[in-house]
Amino acid sequence: MAFTPSSKQVGGIKALVFVLALLPFLRMAWLVFQGVPVEPLEFLTRGTGDWTLYFLCITLAVTPLRRFTGWNWVVRLRRMLGLFAFFYALVHFTCFFWFDHFFDIAAMLKDVVKRPFITVGFIAFVLLIPLAATSTNGMIKRLGGKRWQWLHRLIYVIAPLGILHYWWMKAGKNDFEQPIIFGLIVAALLGLRVYWAYAKKTQAAVS
């Protein structure tokens, strides 16, 4: 039997997930404040980049989890998880823009054009902005359900771009273990969606 929490229980679960999702950032901020034994900029940039990918994967995993377990209520967590992906991406970008370039837009754009891995990461971040901006119920009503769904399918582009950004960054050190793991996870999560869409189309044709 599928676990079906009450609205109050779902609210408690959301509060718990919110705190857990915020903990990595609080931990990083505390370590920087305390004086981490590594360069703070590099520590924050890498940490927030990793957690952006974690939350992109977790957000993409919501639909498969719902379908495999029958836990329809987990969909109510997806918006918050997606916003945390944007939050960590925003901090990641801020580290790049502020600490690396001290808010010099021209220098930042020059770096974006010059280095492909930054170009790809920048594109992924820009594509995340409309998803975060339209995450409210009011925006869903304004856009209409179908247009909102089509817009939020950008995550299927953003996640692979994030993996490519990470891959190219690690290529300089010939360290591909983590990018491969992330890539396999995203490929599996997107592959399931392709399979389900194909199965639905086939079933509709037969019917």
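Reply: The second largest pocket holds about 780 Å³ of space. A pocket is defined on a 1 Å grid over the protein atoms alone, as an open set of points where a 1.4 Å probe fits, with protein on both sides within 12 Å along at least five of seven lines; lining residues have an atom within 4 Å of a point. Grid points are joined across faces, edges and corners, and a volume is the space filled by probe spheres set on the points.

The model is predicted: local features need pLDDT of at least 70 and side-chain atom pairs count only at pLDDT 80 or more, while totals for chains, interfaces and linings use all residues. Residues are numbered from 1 along each chain as its sequence is written, and side-chain values use heavy atoms, with hydrogens and water left out.

The lining of the second largest pocket comprises 30 residues, and Thr 45, His 92, Phe 117, His 165 and Met 169 are those nearest its centre. At least two lining residues come from each of H2, H3, H5 and H8; H2 gives the largest share, nine residues. Helices (H or I, at least four residues) and strands (E, at least two) are DSSP runs, numbered from the N terminus. By class, the lining has 15 nonpolar, eight polar and seven charged residues. Here Ala, Val, Leu, Ile, Met, Phe, Trp, Tyr, Cys and Pro count as nonpolar, Asp, Glu, Lys and Arg as charged, and the others, Gly among them, as polar.

H2 covers residues 40-69, and within it Glu 42 and Arg 46 lie four residues apart, about one turn of the helix. These two residues form a salt bridge, their closest N and O atoms being 2.9 Å apart; the term requires a side-chain nitrogen of Lys or Arg within 4 Å of a carboxyl oxygen of Asp or Glu. Glu 42 is partly exposed, at 36% relative accessible area, and Arg 46 is partly exposed, also at 36%. Buried means under 20% relative accessible area, exposed over 50%, and partly exposed in between (1.4 Å probe, protein chains only).

Lys 170 is buried at 13% relative accessible area and meets Asp 175 in a salt bridge (3.4 Å, N to O). Asp 175, by contrast, is partly exposed, at 32%. The count of salt bridges comes to two.

As for the setting, the chain has nine helices and zero strands. Buried residues make up 34% of its 207 residues.
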